Amino acid sequence: MIKRDVLVAFSLSLLVLSISLIIWLEGYIRIATPIISSLGESYLYYSYNPWYSNYTSFSLNVVSAIIWDYRGFDTFLETTVLMASIIAIYTLLRGFEEKVFLQPKGLSTITKTATKIVIPLIIAYALAIATHGQLTPGGGFQGGATLAVISSLIIAVYSLEFLYYMGYRSKRLVVIRGLCLIGLIIVAITPLLIGFILNTKSYIFQNMSKEDSFISMPSFLFDAPLAGSIFFYNVFELLIVFTGLTTALMLLSLRDVELKKAFEVREVYE
Amino acid sequence: MSELNLVFYGIGLGLIAIGSFFEVVGAIGVLKLPSFFLRLHALTVSCIGGSILPLLGVAILAIGLEEMGSQRLFITAICLISVFIILILAPSGSHSLARAAYNSNTAPKQPLEYDALSRGVNKD
């Protein structure tokens with residue numbers, strides 16, 4: 001047993017040493033290959049490039065530009081897949097009723113106060129990740145996942161009843177999700193509708209003006225790059241991911257009493 | 001590098017060295033101590049001493065690195081905010097762990113010197 005422990009400790013320290021060696025070497029020699037494929041080069045070149053207004057998306061974050069502008073339809077379908085997974089949970093648990101008006105009972109006051117201090121920080125950080133998705137690394141999905149940490153914290157510290165007391169119901173969350181998905185579709189077909197009214201050519205999921213169509217979403221808000229539809233997509237995606245993950249957490253988490261019952265059933269089986 | 005910056009550099013490196021000492025002490029404690037509550041104590045030693053002191057060290061060290069320009073103040077602020085968050089969260093996390101283990105009677109309490117909770121001194 002002791003021999004195994006020594007072996008594990010030795011290999012772990014070797015891992016840390018080799019990672020730090022690589023980080024140190026990176027300042028002196030080139031480790032990653034300097035060759036980028038020509039497609040990747042063109043993404044890097046055009047994603048924020050005001051001199052080529054037909055190809056650019058005015059997004060400083062190239063990942064956001066690719067995800068929501070250059071392959072927007074793909075990302076939209078990914079979002080609907082997340083919706084479908086929540087619907088699958090609902091189908092599995094049909095006939096399930098939420099017990100709403102139980103007394104909230106959580107952990108001790110110390111833990112509750114610490115959570116109360118941290119929750120506003122998490123909210124601010126998640127909103128910053130989502131609404132600055134076109135400027136800094138991040139985006140709607142990452143912001144929504146960060147915001148869903150709050151509901152898991154509340155379930156763990158303040159208990160599930162507190163979430164119901166605050167007005168969360170899984171049906172309401174699914175309705176918000178559906179509305180946000182409709183909002184995504186509306187943003188996507190807005191250039192199409194404007195083109196139809198003005199009788200010019202336009203595309204679905206169009207962001208900036210193209211060679212044969214002059215319709216363009218707003219690229220700047222005062223002096224901050226808004227990147228057109230990418231900002232709206234990120235905001236809607238934030239709400240969709242937050243409500244989706246919160247619904248899954250609320251449906252899948254068990255109360256203390258229910259957990260004890262589950263253990264009793266398992267003991268009877270064994 | 002001026003003399004004041006050299007002082008900052010020395011203080012920062014010293015704090016990081018003290019922090020690594022606490023980490024080693026905490027690791028030995030987690031491996032060697034007999035019961036859950038004592039191991040939790042060792043964990044808190046390495047969490048507070050081993051992460052807050054090095055973060056403060058990095059904050060002071062970054063002030064001294066003048067060639068980094070205004071970027072060094074960002075590093076300092078990030079380190080100080082992380083210190084604040086860890087100081088709030090690490091004790092409350094270990095508190096809730098200890099409380100859950102005590103109330104549910106899942107961890108053995110031996111070796112035990114004095115148990116104030118069982119005598120009704122502080123019921124919460």
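**Exercise 1.** Determine how many residues of chain A are in contact with how many residues of chain B in this predicted model.

*Solution.* Contact requires heavy atoms within 4.5 Å. By that rule, nine residues of chain A touch eight residues of chain B. Residues are numbered from 1 along each chain as its sequence is written, and chains are lettered from A in the order in which they are written. The model is predicted, and side-chain atom pairs count only at pLDDT 80 or more, whereas totals for interfaces and linings use all residues.

**Exercise 2.** Describe the interface of chain A and chain B by its buried area and its classes of residue.

*Solution.* Step one: the buried area (accessible area, 1.4 Å probe, lost on putting two parts together and summed over both) is about 680 Å², with carbon and sulfur atoms giving 78%. Step two: the side of chain A that touches chain B has six nonpolar, three polar and no charged residues. Here Ala, Val, Leu, Ile, Met, Phe, Trp, Tyr, Cys and Pro count as nonpolar, Asp, Glu, Lys and Arg as charged, and the others, Gly among them, as polar.

**Exercise 3.** State which residues lie nearest the centre of the largest pocket, and which helix gives the most to its lining.

*Solution.* A pocket is an open set of points on a 1 Å grid over the protein atoms alone, where a 1.4 Å probe fits, with protein on both sides within 12 Å along at least five of seven lines; lining residues have an atom within 4 Å of a point. Of the 27 lining residues, Lys105(A), Gly106(A), Ser159(A), Arg255(A) and Asp256(A) lie nearest the centre. Among helices (DSSP runs of H or I, at least four residues), α3(B) gives the most, with six residues. By class, the lining has eleven nonpolar, ten polar and six charged residues.

Terms used
This is a predicted model: local features need pLDDT of at least 70, side-chain atom pairs count only at pLDDT 80 or more; totals for chains, interfaces and linings use all residues. Side-chain values use heavy atoms; hydrogens and water are left out. Helices (H or I, at least four residues) and strands (E, at least two) are DSSP runs, numbered from the N terminus.
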